[in-house]
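The model is shown first.

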Amino acid sequence: MARESLPEVPIQEIHLVGEGLSIWTKQTKMYKNMASQISNIYHTEKAKSTICTKFELTSHQFSTIDWDALERATSLLSPMHNIYLSKHVTGFLPIGKNMTRRGAWKEPFCPRCHHPVETATHLLQCPSTSARKIVRSSSSKFQTWLESVDTEPNLMTFIIEITSSYIHDIKVQPQPYHPAPIQHQLRMRWSHFIHGRIHTTFKSYMTHHYTSIASRRSSASWVAVLIQKIWSLYHLPQWENRNKYVHNLDRVTESTRERINLQTSLIHTYTSENINNLLAADKHLLEKPLAHLKSLPNALIRAWLVEHKTAVKERDKIFSAENARSSAILHSFLTQPSPPSQSLPPHVTNSTSIITINPSSLPMPKFNTTSQHIHQQHHNQRQSQRTSRPKRKFLPPPTPTTKYKNQRVHQNIKTLLTPYIPPRHPL
Ligand SMILES: [Zn+2]
């Protein structure tokens, strides 16, 4: 810490008592471990400045909040709820607005009512059906508790009424008929009451009331339990209910993501495969249209992908075996020792490992059977008749009879087509 940033600790009095020196600051006597005390004073001042800025409180309003009651209320909550409370008070609650600012969410909308921005205030004011149901239940329980601890009736009425107005986002201005604590709290804003920052006049008002009814109840306990009840009846049920919606939303998002991934794999596999490349037994995989396959449930798409993968593996296995067999045959043919050149027939020449055949030197086929011989004789006769027949140079002109027949056929076709020929329009 830089020396110039150290706070100015106000030392109010220095008492020189017989046995030594006593130092007082903020109405507190500083005795042993002064460094720790000065640090506490410094951090308290810093926290006060931060809270005043964050919650829009003046220094005077800060000093009128019953911080002791708030501290006592936190001890009444479970450790888990205290974690939620500390996050809520410090503004680090994983609410939509904060989640979006941290980059964890894309949109800060409320998971229950889809309000554009979910804030800590909206958590209590959410108009969704489930949130309103919790509010009704909480208000009933809150009233029951206020009655059970002998709360001053007029004060109790306005506490319930104004809390309900706050939850329904209705502004209430302090009125002369309001009890003094209500007026003070409304001037400070009722949101502080909802968040456990209670004006000190509530305690003094209840002290006076308990005295007037001769009750042995403690007003300090009343304020502390009041804060604890607000937290446990209004905040925590809403927070837990809201989280159920968030987790459901996560599940839906996860399911959608899985669907998109499966369909992408299906499209890629389907379009990159040719049906002719599959074995006959597996061609049915690509016989159905892609649109039909895309509409199938996730489980069936997953099964299709597995079946296709198996089919491709099977095909590749068979093709590999065939290729290996062909290669082996070719290799054995090419590597076998060549016969001596004298044994080759005259139309075959052997040059290194390449064998060539000369068609012109092939021997003429010999007809060994009688039927083949007769067939050859007939073929020769037909050939000689063709060559002996004189070639016709011109076609004869059509006779009048032939011409007349052609005209009649043409006329008949025209008659048949007349109904289908569109009439000619003059240009
Ligand atoms: Zn909402």
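## Basis and overall make-up

The model is predicted; local features are reported at pLDDT of at least 70, side-chain atom pairs count only at pLDDT 80 or more, and totals for chains, interfaces and linings use all residues. Residues are numbered from 1 along each chain as its sequence is written.

The chain has 16 helices and 5 strands, where helices (H or I, at least four residues) and strands (E, at least two) are DSSP runs numbered from the N terminus. Of the 427 residues in the chain, 14% are buried. A residue is termed buried if 20 or more other C-beta atoms lie within 10 Å of its own, exposed if 12 or fewer, and partly exposed in between, with C-beta atoms placed from the backbone. Among contacts with a separation of 6 or more, 51% join residues 24 or more positions apart; two residues are in contact if their C-beta atoms, placed from the backbone, lie within 7 Å.

## Helix H9 and its surroundings

Helix H9 covers residues 180–188, and its buried residues are Pro 181, Ile 182, Gln 185 and Met 188. Seen down the axis of H9, these buried residues fall within an arc of 125°, so they line one face of the helix. The arc is that of the directions from the helix axis to the C-beta atoms. An α-helix has 3.6 residues a turn, so residues three or four places apart point the same way.

With H11, the axis of H9 comes within 9 Å and crosses at roughly 175°. Axes here are lines fitted to C-alpha atoms, for helices over the stretch in contact, and angles run from 0 to 180 degrees between N-to-C directions. H9 and H11 are therefore roughly antiparallel to each other, a label for angles over 145 degrees, with under 35 counted as roughly parallel, 65 to 115 as roughly perpendicular and the rest as oblique. On the H9 side, Ala 180, Pro 181 and His 184 meet Thr 201, Phe 202 and Tyr 205 of H11. This contact divides into 4 nonpolar, 2 polar and no charged residues. Ala, Val, Leu, Ile, Met, Phe, Trp, Tyr, Cys and Pro count as nonpolar, Asp, Glu, Lys and Arg as charged, and the others, Gly among them, as polar.

## The H7–H8 pair

Helix H7 (residues 129–148) and H8 have axes that come within 11 Å and cross at roughly 165°. H7 and H8 are therefore roughly antiparallel to each other. H7 passes H8 in a right-handed crossing; a crossing is right-handed if the near helix is turned clockwise from the far one by less than a right angle, and left-handed if anticlockwise.

The H7 side of the contact consists of Val 135, Ser 139, Phe 142, Gln 143 and Leu 146, and the H8 side of Met 156, Ile 159, Ile 160, Ser 164 and Ile 167. By class, the H7–H8 contact has 7 nonpolar, 3 polar and no charged residues.

Most residues other than glycine have a negative phi, and most peptide bonds are trans. Arg 189, although not a glycine, has a positive phi of about 100°. Arg 189 lies in the loop between H9 and H10 and is partly exposed, with 17 C-beta neighbours inside 10 Å.

Ala 214 also has a positive phi, near 55°. Its place is in the loop between H11 and helix H12 (219–271), and with 6 C-beta neighbours inside 10 Å Ala 214 counts as exposed.

## Buried residues elsewhere

Gly 96, in helix H5 (residues 96–101), is buried, with 24 other C-beta atoms within 10 Å. Beyond its neighbours within four places in sequence, Gly 96 contacts Trp 105, Pro 108, Phe 109, Cys 110, Val 117 and Glu 118.

Arg 197 sits in the loop between H10 and H11 and is buried, with 24 other C-beta atoms within 10 Å. The C-alpha atoms of Arg 197 and Phe 62 are 9.1 Å apart, although 135 residues separate the two in sequence. Gln 228 in helix H12 is also buried, with 22 other C-beta atoms within 10 Å.
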